[in-house]
Amino acid sequence: MCGIIGYIGNRKVIPILLSGLKRLEYRGYDSAGVGYLVNKKLNVFKAAGKISELENTIPDFEEETFIGIGHTRWSTHGAPTTLNAHPHLNGSGNIALIHNGIIENYLTLKVKLKDLGYQFKSETDTEVIVHLISFFYEKEKSLLKAVRLALHEIEGTYGICVVSSLESNKIVAARKGSPLIIGVGENEHFVASDAPAIMEHTNNVIFLEDGDIVEVFNDHFNITSLANQTITREIEKLDLDISSIEKGGFPHFMLKEIFEQPESIQNSMRGRVLLSAGNVKLGGLENFIDDLVGAKRLILTACGTSWHAALVGEYMLEQYAEIPVEVEYASEFRYRNPILGKSDIVIAISQSGETADTLAAVKEAKRRNASVLGVCNVVGSSIARESQAGVYIHAGPEIGVASTKAFTSQLAVLSLLTVLIGRRKNLAFSYGEKICQELLNLPKKISQILYQKDQVEAIAEKFYEARNFLYLGRGYNFPVALEGALKLKEISYIHAEGYPAAEMKHGPIALVDENMPIVFIAIKDSTYDKILSNIEEVKARKGKVIAIASEDDKTIESIVDHVIKVPNTLEMLSPILTIIPLQLLAYYIAIKKGLNVDQPRNLAKSVTVE
Ligand code: G6P
């Protein structure tokens, strides 16, 4: 959700805050603000809208300033207005705070603070924290102590950064449930909600843990716990380079990430496919292989696109690893009474590794003594750290809000997991080898599909004014229908639904008429003949059919309106190919509608609130 950056050092702070906020804009982009100290005086500027709006409000700057905080917001409590934007100030205007998360008991605290005479300017939950800090500062005369005492009063989640003209040589930051890292430079430090904000300055970071409070100075920092115990955390080196978070000549991150897929999927498999053994190696699971082979049940839990990847995983793992699999939305899993046995293993799938519901599901599963594995993209993320073991998908930073390359990499990793477990069971060497070979062939096949981008764009031209879309697929490609529909609604705001094709006659067929585009994933797999019948049913009702078909299908052109061909592969791997034209279709439709595909309305990349 919201993005946080803080800086203290010898360089001018405003350019650092603004460039950091631009890198974080994918986390939230409805309003933004900065707070910094000039001659020990606090200046705060805020604006509704994008970072560019904020930039216009900051006056030309003559004086030098070396300490400040910045925030880009995804609204939860209160509309995206300038008043509700962060930083929030205390009454005397000498303490400024930015916050990511939700304060659940803010109403009770607000009533108490109002009774004590504190005046509120915004509708946010956040503002209570700064007044509480102010309240405790009166007594303690120490920013660190005041923050700690305030946090004792708070229920909910937070990543916060505080600066004050009362103690102008430090930033105080703390986390519980919302990510926060410290970037370590030479005589300078950064605080950020995630790495892209500070990557151009340093790769040396400390991942704060829940309950950590840190006092950050130019040349050192002190981490303590809520109970005021000293904590030592290692500095880790992030293996990321700056080009991975730039557009590299593409008009949008989403298009860049779609086109990166031949490479990103290769990175997900690098060093993991043992072709001559017809097997795979997943270093992160080495100590868990016996447990996985002996597992009675796997529960895959995730949200959004990652949940769709989990559904494909269910098909693969049940077919070739012969384990019963359940797939559950993390938001449901965490609030019901999931019955977990000793030999059940929970696998949490998350691109960001920060999704609040998925993280809570992981904690719930651990509380119930289940083993928990993580399949994450962001190295060092909360879910990766909270899991007992796991596999990184290594897709590289994904900035576009609509997930693309993370999905195909998640599928690649789930295929590897399937082979790993399957080969310890009944999956023959020859079939293991075949899967491995086909996995290695995928990058080339993805490139072949990407060459057809102009054809997909031409189809987008015909349909971008449609009000509704249906996406239908069967078997392994049913989750692809869901994901294709999700891509379209996320970035084009066209209502789109995904269904298993056979379910069409139980309802959706009532919607079919000559204005209804229907995307069929109709490759030559075990359900091909059935899908053809479904297509005929739609054509009989004058629906417009766009088919994703196999390259050697010579007949489908005669029954559908538009075809996009994909190379042949194994059925279990086909979703990695069939999703590519659907990503492109969604992208081009949104572009034709003149929409901002990287920052679609109301969405955020990393959903760190419930
Ligand atoms: C948000 C993003 C989606 C993503 C989902 C789960 O809704 O916009 O693209 O699929 O969160 O995120 P995760 O990081 O856990 O995969």
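**The interface of domain 2 and domain 3**

Guide: Domain 2 and domain 3 bury about 2,900 Å² between them, with 74% of that area on carbon and sulfur atoms; buried area is the accessible area (1.4 Å probe) that two parts lose on being put together, summed over both. The side of domain 2 that touches domain 3 draws at least two residues from each of α6 (253-259), α7 (261-269), α9 (304-321), α13 (405-423) and α14 (429-450). Of these, α9 gives the largest share, 10 residues. Helices here are DSSP runs (H or I, at least four residues), numbered from the N terminus.

The model is predicted: local features need pLDDT of at least 70 and side-chain atom pairs count only at pLDDT 80 or more, whereas totals for chains, interfaces and linings use all residues. Residues are numbered from 1 along each chain as its sequence is written, and side-chain values use heavy atoms, with hydrogens and water left out.

The chain is divided into domain 1 (3-242), domain 2 (247-447) and domain 3 (452-598), with bounds from an automatic or database domain assignment. The centres of domain 2 and domain 3, taken over C-alpha atoms, are 25 Å apart. In contact (heavy atoms within 4.5 Å) are 38 residues of domain 2 and 29 residues of domain 3.

Across this interface the rule finds 0 salt bridges, a salt bridge being a side-chain nitrogen of Lys or Arg within 4 Å of a carboxyl oxygen of Asp or Glu. It does find 13 residue pairs in polar contact, both residues at pLDDT 80 or more. A polar contact is a pair of N or O atoms within 3.5 Å; within protein, one must be able to donate a hydrogen and the other to accept it, and residues adjacent in sequence count only if both atoms are side-chain atoms.
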